[in-house]
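Please keep the structure in view while reading.

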Amino acid sequence: MLMSSESSAPSPLELERHRPYLLRFALLQLRERSAAEDAVQDTLLAAIQGAARFAGQSSVRTWLVGILKHKIIDGIRKISREQPLDARAEGDGAEDLEAFFAGDGHFAESPEQWGSPERSLEERRFFEALERCLQALPKNTARAFTLREVMGLQTEEICKELGVSTSNCWVMLYRARMSLRACLERTWFLSGAARVE
């Protein structure tokens, strides 16, 4: 790790080395390259301006991701404010989920065994598969999921950011989890990609 000689503040060059990782993270959240690039640029600028305040209590990447999360939330707020109300409506998607369940409400087919989810999480290819599955979700459903599961926002905050009711948010999160489960089973766990030989 390159640090300037006078303090523990990261140099602009060291901060720039994290750009590709930050861009992938932002793309996953914002789904638009220009918005992701803007968020990363704002993050790096804020980090350069606040480098003297970096206390070294976490890694530089962790510090940058923390800044980026706030920039992403700001970007989502901006998009939500500028988006017409009728554009926020998404397809219901309920009929797609009904295929997973029998008439009595139980799974029609038991979920597949996923082997070692912990090992899968460590693999870069898993995150690429997860990203592809998230891209297939409706925009607000994917945003609700990432705001909750990746960024750690509470339901009330997600509702405020997306302009949806609490019950709609829970439905979106449920649908996201079910769709992601099905997609990951199809593209990762059952395809053999998760098996390391």
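**Fold and charged pairs**

Of the contacts in the protein chain with a separation of 6 or more, 66% are between residues 24 or more positions apart. The model is predicted. The protein chain holds 11 helices and 0 strands.

Overall make-up
- From the N terminus on, the order of elements is α-α-α-α-α-α-α-α-α-α-α.
- The protein chain has 197 residues, and 39% of them are buried.
- Its accessible surface is about 11,700 Å², with 53% belonging to carbon and sulfur atoms.

- The whole structure contains 5 salt bridges, including the pairs described below.
- Arg33 and Glu37 form a salt bridge with an N to O distance of 3.1 Å.
- Both residues, Arg33 and Glu37, sit in helix 3 (residues 33-49), 4 residues apart, or about one turn of the helix.
- Arg33 is partly exposed at 47% relative accessible area, and Glu37 is partly exposed at 37%.
- In helix 11, Arg181 and Glu185 are likewise 4 residues apart, about one turn of the helix.
- The closest N and O atoms of the Glu185 and Arg181 salt bridge are 3.3 Å apart, and both residues are buried.

A salt bridge between helices
- Glu149 and Arg177 pair through their side chains in a salt bridge of 2.4 Å, N to O.
- Because Glu149 lies in helix 9 (residues 139-150) and Arg177 in helix 11 (residues 166-189), this pair ties together parts that are 28 residues apart in sequence.
- Glu149 is partly exposed, with a relative accessible area of 41%, and Arg177 is partly exposed at 33%.

Note on methods
Residues are numbered from 1 along each chain as its sequence is written. This is a predicted model: local features need pLDDT of at least 70, side-chain atom pairs count only at pLDDT 80 or more; totals for chains, interfaces and linings use all residues. Side-chain values use heavy atoms; hydrogens and water are left out. Helices (H or I, at least four residues) and strands (E, at least two) are DSSP runs, numbered from the N terminus. Buried means under 20% relative accessible area, exposed over 50%, partly exposed in between (1.4 Å probe, protein chains only). Contact means heavy atoms within 4.5 Å. Accessible areas come from the Shrake-Rupley method with a 1.4 Å probe; for residues, only the protein chains shown count as cover. A salt bridge is a side-chain nitrogen of Lys or Arg within 4 Å of a carboxyl oxygen of Asp or Glu.
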